[in-house]
Structures are given as C-alpha cells and as structure tokens.
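Thank you all for making the time this morning. I would like to walk through one structure, going from the whole chain down to single residues.

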Amino acid sequence: MNHNIKIAGFLVASFWAGISPAQELKELTINEATTLALQNHPQLAVSAKRVAISKQNTEVSKLQKLPSITASTNQFYLGNSLLIDKDFSNSMTVQLPHYGSSYAVQASQLLFKGGLIKKSIEISALQEQLSELDYEKDEQEVKFLVMSNYLDIYKIINQKEVYANNKKLAEIRLDNVKKFYQQGMITRNEIIRGELSIMNINQGILVLDNNRKILNYNLNNALGLPETTEIIPVENIEREESLQDLNYYLDLAYHNNPQQKYAERTIAIAQKNIEITNTDKLPSIGGFGGYSLNRPLPSTSPVIDMYSGGLQVGVSLSYNIDNLYKTKEKLQLGQLQKEQAENSFYLIEQNIKMSVNAAFIKYQNALENLDILKEAQNLAEENYKITEAKYLNQLAVQAEMTDAQNQKIQSEIDYVNAEIDLLYQYYSLLKSTGTL
C-alpha cells in the first residue's frame, strides 16, 4: 500500500480530553479486536454449546452398539385358591403360601438390521459437522461485524481530525476577518459567516462523537470489555495493490465457504435417511439371554414354597409385515428430501458466486475510487489556497471562502472514508469466500 494512516499521540491526547476519569483507554489492532471477539462474543458461546451438544449426541448414538440389560423384581401377596365344580355346586379353598416374589436379569442385543445402528451413528456425526459449520459461519459473521465497527470508529477518528484541522484554519481566518472589520474594510455579516462556519464544524464533531459512543459501546459488548473502555484503533491502513482474478476468489469460496459445506452435509444426511428407511425391508435379528427366580411354584400340587430358577439364551427374529407397503412411501419422501437438499446446494452455489462477484467488483471500485478522490482532494486543496489568497487580498468574498473550505473538508473526509472503505471491501471479499 502507498498510503499509511496512523493514529498518533495527537489523537490520543484529543480524545483524552473528552473521556471521564473512570474510562480506560485501550489500543487495539484489528486482529486483536477479532481475537477478543472470538473469545468473548455471546453468539459464539451459544454456537459452541450447540457443537458440544451435537458431539454428545454422537456419543449417545454409539451407545446403540451396547446390549440392553435390565434387572427386575416383584414382591407380591398370593391369596388362597378357590376350587369350584363345573356346575358350581361345590367349592373348596386350597391354602397357598401368601408371600410371593420373583427376580430376573435380562440382556438383549440387536445383531442385524441392515446396518441400522451404524447408519444412525453416521447421521449423528454428520449433524455434528453441521453444528461445527454453523459455528464457523457465526465466527465469520462475528469477525466481520467487529471489523466493520472497528473500521467505523477508525473512520470517525479520521473525520474528526479533518474537522479539527479545518476548525483551526477557520478560527485563524475569523481572526483576520475581525481585524478587517475593525479597520472598516468589511461588514459584520462577514464575521457572522465565519462564526457560522465554525458552528457547522462543531456540529459535525458533535455528531461524530455521539456516533463513536454508540459504536464503542457495541464493540465493548462484542469483545467482552468493560462498558467504560474507550477503544483506540491503531491499525495501519495500507493500500493493497495486488488483486487476484475473480476465478481465484471463486475457487476459495467453493472450497471454504461454510454455507457450501453445510449444503453438502445436508445432502449426505438425506442419503443416510434413505439408507435407514431401506433397513425396514429387512428382518431384525437379535440375541437375548436371562436368568429368573420365582417363588412359590404354583404348577405343583400341593404348591411348594420354594424358588425355581431358570436360564434362557436364544436368538430372536422379527419382521414388520406392514413395512411391505409402508416403506415405499417413506422412500419416496426421503428421495424428495434429498432432491430438495441438492437443489438447495445449487442455489447456495449460485448465491455464493453472485456474492463473490459483487464483492470483487466493489473492491475494484474502491481501488479506483481512492485514486479519483485523491485527485479531487488535491484539487480542493489547491482551490482553497487560491481562494484564501484572493480573500486575503480582498479579491474574493467570504461566501467564496466558505464554499472553498466546505469543498476542502468534504474532499478530505471523502478520501479518508475511501481509505477505510477499501479495507472494508477487502474484508467483505474475504468473508464472501469464507476465509475471513
């Protein structure tokens, strides 16, 4: 870059005068600001929790590989048994042990269902990747927001410096006008014009100060700093001469933009859902085993008040017959969802391409605009000096001097804004590619 704008001691001193004793000045480069934002921004804290939840969901899905084990017991009262003839003519009561209990341990494990468990875990892993891409996208958004606020503060500081320099010139010129007035060379309205010019500058400074307070407050919240902290940007604004071609940035976007990756994972999830639906066409095969104790033994006569224990081990086979006519409809739904995900992918790809193209053109325009505004600033400066010389020799009126000063102020503000805008457009281009 050819031109550097540095925040020197003059700026620190000028802002110190307007800061209360409770406020703390904190100098930050743009990289330091974004680092603080990534550490402290509340949105990223929420996104990080989503990632942690998704990771834990994947771990929970893996538990399907483990067998299900249950232990149970029943404690009950057993009443006497009543025996009645078929014609209900006679009846008798058989005494039974009144206390009954049972204990059992059962284990089961799905052995085969067309890879259902594996595919379920894979879907959880893909959803975990989606949450990580959401976090990456939020990181890009937070960084760009912080950079934008940082550059806006930088812009305000530069604008205020322009106003301050022109205010000094206006005050010097007003002193000269007052001398001319005392000598009877001009009328009082020339003094009024000069005073109004200074008042307009003061009003501009006031607006800038209030806008900076708003930006500073928002930036403190984003960076996790105390609200009373006064942020002083110390970034060197350098002009980037080299610019890669459009295809270079499109390539970056296709490989790095989190939205593109998100769409790819969504298609993969839709495909996994189809595969899981297909497992409904297959039977479920499982293994089971268990041991149980039961008391008393009601199958003996008389009933024996003892425990009877038994071990069971086996294989189960089951098939939902209704899947023969339900699975087809579910597969059609899954296919439609996959096609929707694929269409979304192509739409996102087009949106990314348009976004990168627009950011690339805006950055080119910012480069060209900076050259134009530099020339305009030089012309306005030259016009101001010529008009000032004519005015001091009473060859120009105060209105011409005011116009020349306004043009000078505006050209200087336009140029310093264009320098900041150049960096802003560069960051915007990086954000469109997902490499900010």
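The accessible surface of the protein chain comes to about 24900 Å², and carbon and sulfur atoms account for 54% of that area. Please keep in mind throughout that this is a predicted model. Of its 436 residues, 37% count as buried.

As for the overall form, the chain has nine helices and eight strands, and its radius of gyration is 40 Å, well over the 22 Å that the globule rule gives for 436 residues, so the chain is more spread out than a compact globule. Taken along the principal axes, the C-alpha atoms fill a box of roughly 145 × 50 × 40 Å. Among contacts with a separation of 6 or more, 81% are between residues 24 or more positions apart.

Let me turn to the interior. As a general background, nonpolar side chains in soluble globular proteins tend to be buried together. Here the largest nonpolar core has 47 residues, and those touching the most other members are Leu28, Val146, Tyr150, Leu151, Tyr163, Leu223 and Tyr427. Two or more residues come from each of helix H2 (30-40), helix H4 (116-182), helix H5 (188-223), helix H8 (323-392) and helix H9 (398-433), and H4 gives the most, with 16 residues. If we look at Tyr150, and set aside residues up to four places away in sequence, we find that this tyrosine touches Leu28, Thr29, Ile30, Ala33, Leu219, Pro233, Val234 and Glu235.

Helix H4 also holds Glu128. Is Glu128 buried or exposed? Its relative accessibility is 15%, and because the cut-off for buried is under 20%, Glu128 counts as buried. Its side chain makes a polar contact of 3.1 Å with the side chain of Lys55, and, beyond its neighbours within four places in sequence, Glu128 is in contact with Ser54, Lys55 and Thr58.

Helix H6, residues 246-256, has Tyr249, Leu250 and Ala253 as its buried residues. Seen down the axis of H6, these fall within an arc of 105 degrees, so they line one face of the helix. The face turned away from that buried side carries the exposed residues Asn247 and His255. In general, an α-helix has 3.6 residues a turn, so residues three or four places apart point the same way.

Now to the strands and the loops between them. Asn80 sits in the loop between strand E2 (68-77) and strand E3 (81-84), and is partly exposed, with a relative accessible area of 35%. What does Asn80 contact, apart from its neighbours within four places in sequence? The partners are Thr93, Val94, Gln95, Leu96 and His98. The side chains of Asn80 and Gln95 are joined by a polar contact of 3.4 Å, while a polar atom of the Asn80 side chain lies 3.1 Å from the backbone nitrogen of Leu96. To give a sense of scale, the C-alpha atoms of Asn80 and Asn357, which are 277 residues apart along the chain, are separated by 89 Å.

I will finish with two points of backbone geometry. Most residues other than glycine have a negative phi, and most peptide bonds are trans. Phe88, in the loop between E3 and strand E4 (91-94), has a positive phi, near 65 degrees, and at 67% relative accessibility Phe88 counts as exposed. Arg295 and Pro296 are joined by a cis peptide bond, with omega about -5 degrees, and Pro296 is found in the loop between strand E7 (284-295) and strand E8 (308-318).

Key: Residues are numbered from 1 along each chain as its sequence is written. This is a predicted model: local features need pLDDT of at least 70, side-chain atom pairs count only at pLDDT 80 or more; totals for chains, interfaces and linings use all residues. Side-chain values use heavy atoms; hydrogens and water are left out. A nonpolar core is a set of buried Ala, Val, Leu, Ile, Met, Phe, Trp, Tyr and Cys residues joined through side-chain atoms within 4.5 Å. Buried means under 20% relative accessible area, exposed over 50%, partly exposed in between (1.4 Å probe, protein chains only). Helices (H or I, at least four residues) and strands (E, at least two) are DSSP runs, numbered from the N terminus. Contact means heavy atoms within 4.5 Å. A polar contact is a pair of N or O atoms within 3.5 Å; within protein, one must be able to donate a hydrogen and the other to accept it, and residues adjacent in sequence count only if both atoms are side-chain atoms. The radius of gyration is taken over C-alpha atoms; the globule rule is 2.2 Å times the number of residues to the power 0.38. Accessible areas come from the Shrake-Rupley method with a 1.4 Å probe; for residues, only the protein chains shown count as cover. The arc is that of the directions from the helix axis to the C-beta atoms.
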